[in-house]
Amino acid sequence: MNFLSTFVTFQNLHEVRRLCHWGPIIALSVISICSTMAILDSIIWYWPLDTAGGSINFIMLLNWTVLILYNYFNAMFVGPGYILHGWKPETQQDTQYLQYCRLCQGYKAPRSHHCRKCNRCVMKMDHHCPWINNCCGHLNHAYFTSFLLLAPMGCAHAAIIFIMTMYTQLYERISFGWSTVKIDMSAVRKFQPLMPFSVPAFAATLFALGLALGTTIAVGMLFFIQMKVILRNKTSIESWIEEKAKDRIQHYQTGEDFTFPYDLGTRWLNFKQVFTWTGTPKGDGIEWPVHPKCHQHTLTIEQLKQKADKRVRSVQYQAVEDYNGACCPLSKGIQTFFRTPCTEEPRIPLNKGDTILATRGTKWWMYGDKVLIEGHMRVFTNSIAVAEQIL
């Protein structure tokens with residue numbers, strides 16, 4: 001799948017609006033600043049036309065920038081792949097093993113989950129990433145993970161350039177005293193660089209170095225997290241489901257032997273499910289190769305069991321005062337304001353007397369369901385200010 005075709009084959013031009021979000025704006029700004037400063041500092045430190053080493057350094061730098069942007073935009077615009085609205089399995093009997101999505105008016109295929117941000121059921125959903133303003137899933141998992149690998153490598157290269165540029169430019173401008181270090185930024189070097197290295201250039205390089213080092217560490221950690229689940233042929237959500245399955249079996253002492261169905265036995269086989277030479281992952285996003293002891297609906301049946309257990313364990317509360325759904329409700333107390341969860345999950349307004357089925361929570365916030373006449377709706381609400389337990 002090539003880079004240009006990603007833009008040409010848009011089904012809807014409104015996909016371009018994904019760029020108008022704080023995540024892509026920050027990500028592309030960091031990429032632009034680090035790339036631009038690295039190119040300028042390369043000209044100052046290691047002029048590419050003088051030596052073979054300088055040429056290789058400059059070409060590698062441009063190569064990082066192109067590959068990072070290629071994988072970033074593909075992860076954003078190719079998307080994860082979505083389950084069709086109103087989808088149902090070919091065999092009617094299989095519907096008993098699947099969850100029904102009221103928003104998409106169809107069944108959730110194995111490994112798919114509904115994303116409230118995208119408002120669609122996503123194939124093999126891993127998570128919704130604000131940095132690409134899209135979900136990471138079946139079709140773009142390889143692009144996203146490649147971006148997570150290339151960004152730290154490119155930033156590490158840029159950081160080396162920044163450090164060497166500052167070192168070579170300041171080396172002859174620093175005089176050491178017994179108790180102080182004096183830096184004369186206006187001193188004239190013996191060999192003038194092609195571009196001047198002034199105080200603003202030093203400040204910009206230092207700022208870019210901070211961005212490069214921070215990106216290398218933060219994004220590098222995300223890469224290792226992604227590779228850990230990929231080599232087990234899981235997603236972040238499925239890892240959580242597997243942990244809850246073990247907790248459920250241990251809590252009820254059922255004696256079940258839960259085997260994760262999509263682990264094919266070796267890391268190489270699991271790796272090839274995501275990374276291919278064509279860039280398109282294996283499978284259609286509906287049916288998947290499974291472990292010999294399992295079948296297509298092993299995980300979906302476990303999810304249904306966990307949903308049932310969740311309803312059994314839920315505790316009923318009633319709202320004792322109104323809540324307007326604010327993310328950080330200052331009127332509900334300082335502790336509630338400062339301890340608001342770092343999540344983009346929606347907070348649903350409550351009126352006094354509304355019934356809540358809480359499944360988990362902290363002293364200040366709750367996760368649960370708000371009971372409606374037509375069914376249940378996902379809710380994220382404040383526990384201290386608006387709810388009291390019904391005994």
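This is a predicted model: local features need pLDDT of at least 70, side-chain atom pairs count only at pLDDT 80 or more; totals for chains, interfaces and linings use all residues.
Q: Which cysteine sulfur is closest to that of Cys 101?
A: The one in Cys 121, at 3.6 Å. That is too far for a bond.

Q: Is Cys 101 buried or exposed?
A: Buried, because its relative accessibility is 5%. The cut-offs are under 20% relative accessible area for buried, over 50% for exposed, and partly exposed in between (1.4 Å probe, protein chains only).

Q: And how does Cys 327 count?
A: As partly exposed, at 40% relative accessibility.

Q: Switching to the core. Which residues touch the most other members of the largest nonpolar core?
A: Ile 68, Tyr 72, Ile 132, Phe 144, Phe 147, Leu 148 and Phe 275, out of 26 residues. A nonpolar core is a set of buried Ala, Val, Leu, Ile, Met, Phe, Trp, Tyr and Cys residues joined through side-chain atoms within 4.5 Å.

Q: Which elements give two or more residues to this core?
A: Helices H2 (22-45), H3 (52-77), H4 (141-170) and H5 (199-230). Helices (H or I, at least four residues) and strands (E, at least two) are DSSP runs, numbered from the N terminus.

Q: What does Phe 144 touch?
A: Ala 75, His 127, Cys 129, Ile 132, Cys 136 and Gln 226. That leaves out residues up to four places away in sequence. Contact means heavy atoms within 4.5 Å.

Q: What does the second core include?
A: Cys 155, Phe 197, Ala 201 and Leu 209 are among its 18 residues.

Q: Where is Tyr 143, and how far is it from Tyr 70 in space?
A: Tyr 143 is in helix H4. Its C-alpha is 8.5 Å from that of Tyr 70, across 73 residues of sequence. Tyr 143 is buried, with a relative accessible area of 5%.

Q: Which residues does UniProt list as "transmembrane region"?
A: The unreviewed entry gives 25-47, 53-73, 147-167 and 201-225. UniProt positions follow the numbering used here, feature names are shortened, and annotations may be inferred rather than shown by experiment.

Q: What does the model have over 25-47 and 53-73?
A: Residues 25-47 are 91% helix and 0% strand, with end C-alpha atoms 31 Å apart. Residues 53-73 are 100% helix and 0% strand, with end C-alpha atoms 30 Å apart.

Q: On to the strands. How many bridges join S10 to S11?
A: Five, and the strands run antiparallel. Two strands pair if DSSP finds at least two bridges between them. S10 covers residues 355-361, and a hairpin of three residues leads from S10 to S11. Ile 356 has Lys 370 in S11 as its bridge partner.

Q: How covered is S11?
A: Mostly: six of its eight residues, 365-372, are buried.

Q: What about phi of Lys 124 and Asn 233?
A: Lys 124 has a positive phi of about 45°, and Asn 233 has one near 55°. Lys 124 is in the loop between strands S4 (120-122) and S5 (127-129). Asn 233 is in the loop between H5 and helix H6 (236-252).

Q: Are they buried or exposed?
A: Lys 124 is buried at 4% relative accessibility, and Asn 233 is buried at 3%.

Key: Residues are numbered from 1 along each chain as its sequence is written. Side-chain values use heavy atoms; hydrogens and water are left out. A disulfide is a pair of cysteine sulfur atoms within 2.5 Å.
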